[in-house]
Amino acid sequence: MRSALLDKIRGIVGSEYVLTGVELSPYVLEGRTPAAAVFPGSVEEAGALLALASEEGIAVTPWGGGTKIALGAPPKRMEMVLGLRRLNRLLEHEPGDLTATAQAGITLEAFEARLASRGQWLSLDPAFGEQATLGGILASNASGPRRHLYGTARDLLIGVTVVAADGSVVKGGGKVVKNVAGYDLPKLYIGSFGTLGIIVEATLKLRPLPDDDRLVLACFERLKDCGEAVRLVLTSDLIPSAVDLLDGEALRGLGLGDGASAGGALLLGFDGMREQVEWQCAEARRLLSGAGPVVQQVLQARQRDEAWRLVRELGRRVFGERAAQLRLAVLSTQVTEVIAEAGAAAQRYGLRAAFGAHAAVGIVTAVLAGGDSAQPVIATLREWRDLVGAAGGHAVLERAPLAVKEHVAVWEPPGPAGRIMERIKTQLDPKGILNPGRFIGGI
């Protein structure tokens with residue numbers, strides 16, 4: 001990047017908010033080092049930076065907390081990181097309307113703390129809330145166990161402010177739950193990984209804090225019994241906020257429950273009025289005893305929070321060093337069968353595998369470890385993808401070294417939808433400067 005161009009950037013945000021040289025080591029991605037990392041302090045500064053990038057043809061990589069930055073194909077170009085850590089304010093909180101508006105750089109933990117002081121919360125629980133930013137959560141459509149009852153970001157977003165590729169500021173939606181008719185522009189940016197625009201502000205629906213919140217942890221001798229337990233729960237009158245499943249390897253790696261001999265575990269979350277939660281926990285324990293030999297416990301307060309934290313952070317915590325991580329999507333009735341077959345495939349290649357799932361919605365996190373080279377990892381991932389494809393599902397490679405990504409695609413082919421995605425990308429980012437090459441179909 002030319003020194004004159006760097007001077008223009010410094011003129012927009014100030015020299016202290018522009019990193020170059022050795023200061024860029026935290027922002028190296030897939031072997032590429034940007035020329036600068038820039039941190040705007042306002043929406044106007046972010047707009048000026050993107051207007052300059054568009055004029056000069058500079059590739060921009062949006063950066064929130066960095067918790068999902070490894071997800072994506074290797075970037076085609078990476079010249080300027082645009083970090084949002086300074087845009088970290090809660091702008092409005094209307095407790096009577098159960099809504100709040102915040103800047104995209106606020107961390108989930110800080111956002112929840114501000115809401116909790118007024119007796120409310122945002123029902124999103126992705127991993128690493130102390131680091132993950134609101135904008136990054138929306139851009140990657142990140143979620144956690146509570147998605148079973150409360151949904152994902154698409155269900156909670158009301159309005160959004162985005163800086164477009166040309167630097168213009170675009171607003172969509174509103175600040176109240178009941179909104180006017182029209183195109184639902186905000187949802188277009190959820191899960192777009194910063195390829196269509198950079199989210200700088202968002203308005204979301206909130207909920208009152210529950211009176212009680214408990215976790216039922218049930219460890220079964222066999223993984224197939226976990227599948228039967230899921231079926232019993234989903235066909236009952238229970239209303240869990242979370243229905244998660246762990247295989248035996250994940251249980252042992254996380255140190256949860258009676259993992260030494262268990263083949264798997266089911267984790268059920270219940271929150272709401274205290275009497276209701278007490279009844280649901282008791283009824284759940286009665287139901288689960290009919291699925292097979294089981295050891296159960298009910299966790300509350302700090303024990304509950306620690307258990308859920310471990311489950312959310314499975315990929316980082318289950319093994320000392322992971323070789324790869326794949327996210328699978330199948331029917332909920334196929335979860336335990338797919339986990340068993342995928343685990344057997346990993347063993348054939350001399351690798352260890354651990355699995356966690358949002359069992360009721362069929363989302364499985366599969367973590368690989370071991371291997372003296374990339375080849376067994378590549379072979380296992382290919383077999384896993386074939387397995388999921390045969391089941392009518394799909395898979396995304398969430399994390400892997402570059403040597404693996406060179407042989408295993410991060411995203412599956414988009415099919416006919418790819419043409420629509422390309423046209424939207426061309427309309428919103430005609431010069432292709434926003435996160436180029438990282439999304440589906442090389443967008």
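Buried means under 20% relative accessible area, exposed means over 50%, and partly exposed lies in between (1.4 Å probe, protein chains only). Glutamate 313 is buried by that rule, at 5%. This is a predicted model: local features need pLDDT of at least 70, side-chain atom pairs count only at pLDDT 80 or more, and totals for chains, interfaces and linings use all residues. Residues are numbered from 1 along each chain as its sequence is written, and side-chain values use heavy atoms, with hydrogens and water left out.

**Salt bridges**

- The whole structure holds 24 salt bridges (a side-chain nitrogen of Lys or Arg within 4 Å of a carboxyl oxygen of Asp or Glu).
- Glutamate 313 pairs with arginine 317, with the closest N and O atoms 2.5 Å apart. Arginine 317 is partly exposed, at 36%.
- Arginine 309 and glutamate 306 form a salt bridge at 2.5 Å, N to O. Both lie in helix H11, 3 residues apart, about one turn of the helix. (Helices are DSSP runs of H or I, at least four residues; strands are runs of E, at least two; both are numbered from the N terminus.)
- Arginine 309 is partly exposed at 25%, and glutamate 306 is partly exposed at 33%.
- Aspartate 184 and lysine 187 meet at 2.9 Å, N to O. Aspartate 184 has 43% relative accessibility, and lysine 187 has 28%.
- Salt bridges link Arg146, Asp213, Asp271, Arg304 and Asp305 in a network.

**A buried aspartate without a salt bridge**

- Aspartate 244 sits in strand E13 (residues 242-247).
- Aspartate 244 is buried but has no salt bridge. The nearest side chain of opposite charge is arginine 147, 8.2 Å away. (Lys and Arg count as positive, Asp and Glu as negative; His and the chain ends are not counted.)
- The side chain of aspartate 244 does make a polar contact with the side chain of histidine 358, at 3.0 Å. (A polar contact is a pair of N or O atoms within 3.5 Å; within protein, one must be able to donate a hydrogen and the other to accept it, and residues adjacent in sequence count only if both atoms are side-chain atoms.)

**Positive phi at two phenylalanines**

- Phenylalanine 128 has a positive phi of about 60 degrees, although it is not a glycine. Phenylalanine 128 lies in the loop between E7 and helix H4 (134-140) and is buried, at 12%.
- Phenylalanine 193 has a positive phi of about 55 degrees and is not a glycine either. Its loop runs between helix H7 (185-189) and strand E10 (198-205). Phenylalanine 193 is buried, at 17%.
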